[in-house]
Amino acid sequence: NMYVDGTTLFHSTYHFGLRVLDVTDPATPIEAGLFDTHPTDDAWGFNGSWSNYPYFASGIIVVTSAEEGLFVLRRQP
């Protein structure tokens with residue numbers, strides 16, 4: 001699942017966790033951050049982050065992970 005807020009894309013990528021990309025130029029996205037919700041491995045599979053919600057006015061991002069639960073993160077300014 002991917003969500004765009006301005007020029008920032010939030011991508012839940014299962015075992016790889018939450019990837020945050022700067023998509024100011026969509027042809028060349030730049031990784032701006034990440035949070036690994038499934039640190040035990042990066043193998044292909046459906047465990048790990050399956051969705052996120054980055055639209056809270058407070059800068060909070062919630063990230064769900066199939067086995068690990070719910071993570072509550074805060075954007076850095």
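What share of the 77 residues in the chain is buried? The points below start from that question.

1. The model is a predicted one. Buried residues account for 32% of the 77 residues in the chain. The accessible surface of the chain is about 4,900 Å², and carbon and sulfur atoms hold 61% of that surface.

2. On overall dimensions, the C-alpha trace spans about 30 × 30 × 20 Å along its principal axes. Of the contacts in the chain with a separation of 6 or more, 32% are between residues 24 or more positions apart.

3. The secondary structure consists of 7 strands and 0 helices. Along the sequence this reads β-β-β-β-β-β-β.

4. An open sheet is formed by 3 strands in the order β5-β6-β7, with antiparallel pairing. Its edge strands are β5 (49-53) and β7 (69-74), each of which pairs on one side only. From one strand to the next, the twist averages 20°. Strand β6 (residues 60-65) pairs with β7 over 6 bridges in the antiparallel sense. Ile61 stands opposite Leu73 in β7.

5. Aromatic side chains deserve a separate point. A pair of aromatic rings is described by the distance of the centres and the angle of the planes. The whole structure has 4 aromatic pairs. One of them is Phe35 with Phe71, an edge-to-face pair at 5.1 Å centre to centre with 65° between the planes. This pair links distant parts of the chain, since Phe35 is in strand β4 (residues 30-35) and Phe71 is in strand β7, 36 residues apart. Phe35 counts as partly exposed because its relative accessibility is 28%. Phe71, at 21% relative accessibility, also counts as partly exposed.

6. Tyr53 and Tyr55 form another edge-to-face pair, 5.3 Å centre to centre and with 80° between the planes. Tyr53 has 38% relative accessibility and therefore counts as partly exposed. Tyr55 has 35% and so counts as partly exposed. Both belong to one aromatic cluster made up of Tyr3, Tyr53, Tyr55 and Phe56.

How values were computed. Residues numbered from 1 in each chain as written. Predicted model: local features only at pLDDT ≥ 70, side-chain atom pairs only at ≥ 80, totals over all residues. Heavy atoms only, no water. Pairing = 2+ DSSP bridges. Helix = DSSP H or I, 4+ residues; strand = E, 2+ residues; numbered from the N terminus. Axes fitted to C-alpha atoms, helices over the stretch in contact; angles between N-to-C directions. Buried < 20%, exposed > 50% of the residue type's maximum accessible area, 1.4 Å probe, protein only. Contact = heavy atoms within 4.5 Å. Areas by Shrake-Rupley, 256 points an atom, 1.4 Å probe, with all protein chains shown as cover. Phe/Tyr/Trp six-rings, centres within 6.5 Å; stacked < 30°, edge-to-face > 60°.
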